[in-house]
Amino acid sequence: MAWPLKGSPLAATEPTVDVWKKPQDIGKIGAKPKSDAKTLSGLDDRDHLTQLLYAEKAVLKRLRGDWVYIDAVEQRHFRKGRGWSGYSGWAPASGFVVRLPSRNPDAVLLAKQAVPRSSESPAPKLLSIGTQLTMTAAGPGRLSLRLLGGASASFSPRTAGPLDNLDEKTRRRRIVESAKAFLGERYYWGGRSGVQFAPDVGVDCSGLVELAYRTAGMGVPRNARDQNRASRPVRRDDLREGDLVFLTDSDRSSLITHVMIYAGGDGLLESRRAAGRALATTFKERFRQTLAELESGVVVMDFTASKPRRRRLYFGTFF
């Protein structure tokens, strides 16, 4: 494929496109981890930065053989001295096409995995929750969305929905319900898709948040530290379903290293690295204190860490 110049707009053509710190051995990508003690460590490769969804936008920065260095413009990231930009890294060139001008997406996939049905041209077998496309038609029992290349695909209304004119209650409900779709899936560093190389592999903590908010039409930064930076601080009494709960690395550190979704009552939804999976939990289970006993900014003892440790807790919202 002949690639255009630096700065060209791209679109991801695969259900999931992996982004890495450096070009990888292609055989490594999509390799199913072995069912042994090394499985979880294999899902904790820090060279794996993030993932793009089908039709997600990127910008070409440079080329190296069969790899492209891209700026994932829909995944905001703060860099000291440079401000906000997209998440950057290396991805296989085969996962992208040059993006032509088009309407902004007005529909989103709501099921963890959705099957596009199209007779016009070959279509992906599966697409991930959070994939945003343009609606071409809507009717009883079906929703037609435009794929890359112009073909339309039909989706069940149970698996897709509109992005426009959503009220706050609907947005908050979508965030929580979308996060629940990943419960039980294995924690994957850099994971940000419902379509992975193995059926039981999921997302990391901030990937869960970013995808859940994406289904509500709300673009939030990619990692937990930036999600905290961009959110508005709230007190306990103002915490609402779908808001976020952040944890620092320790009580002496201001570095945010984990994020969870508040699910109402005493509930939390998270993809927890120490547990190796996404799960529903409570403040009581994590900290041996209920939400009613806590306030944003307090020091808590995290009893679910690999070794119990003191951390600072913060509440944030994007509403």
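Which residues lie nearest the centre of the largest pocket? In this model, which is predicted, they are Arg 46, Tyr 187, Trp 189, Ile 256 and Thr 257, and they belong to a lining of 39 residues. The space in that pocket comes to about 920 Å³, and its lining divides by class into twelve nonpolar, eleven polar and 16 charged residues. If you want to find the pocket in the chain, the elements that give two or more residues to its lining include strand E3 (48-53), strand E5 (67-79), helix H3 (205-215), helix H4 (224-230) and strand E17 (256-264).

Let me turn to the second largest pocket, which holds about 670 Å³ of space and is lined by 27 residues, with Ala 55, Arg 99, Ser 102, Arg 103 and Leu 148 nearest its centre. Here the lining is made up of twelve nonpolar, seven polar and eight charged residues. At least two lining residues come from each of E5, strand E7 (96-98), E11 and H3, and E11 gives the most, with three.

Strand E11 also takes us to the sheet, an open one of five strands in the order E13-E12-E11-E8-E14, paired antiparallel. Strand E13 (152-155) and strand E14 (160-162) each have a single partner strand and stand at the edges, so one side of each is left without a neighbour in the sheet. From one strand to the next, the twist averages 45°. Within this sheet, E11, which covers residues 132-139, pairs with strand E8, residues 107-109, over two bridges in the antiparallel sense, and Gln 132 in E11 is the bridge partner of Val 108.

How values were computed
Residues are numbered from 1 along each chain as its sequence is written. This is a predicted model: local features need pLDDT of at least 70, side-chain atom pairs count only at pLDDT 80 or more; totals for chains, interfaces and linings use all residues. Side-chain values use heavy atoms; hydrogens and water are left out. Two strands pair if DSSP finds at least two bridges between them. Helices (H or I, at least four residues) and strands (E, at least two) are DSSP runs, numbered from the N terminus. Axes are lines fitted to C-alpha atoms, for helices over the stretch in contact, and angles run from 0 to 180 degrees between N-to-C directions. On a 1 Å grid over the protein atoms alone, a cavity is a set of points where a 1.4 Å probe fits but cannot get out, and a pocket is an open set with protein on both sides within 12 Å along at least five of seven lines; lining residues have an atom within 4 Å of a point. Grid points are joined across faces, edges and corners, and a volume is the space filled by probe spheres set on the points. Ala, Val, Leu, Ile, Met, Phe, Trp, Tyr, Cys and Pro count as nonpolar, Asp, Glu, Lys and Arg as charged, and the others, Gly among them, as polar.
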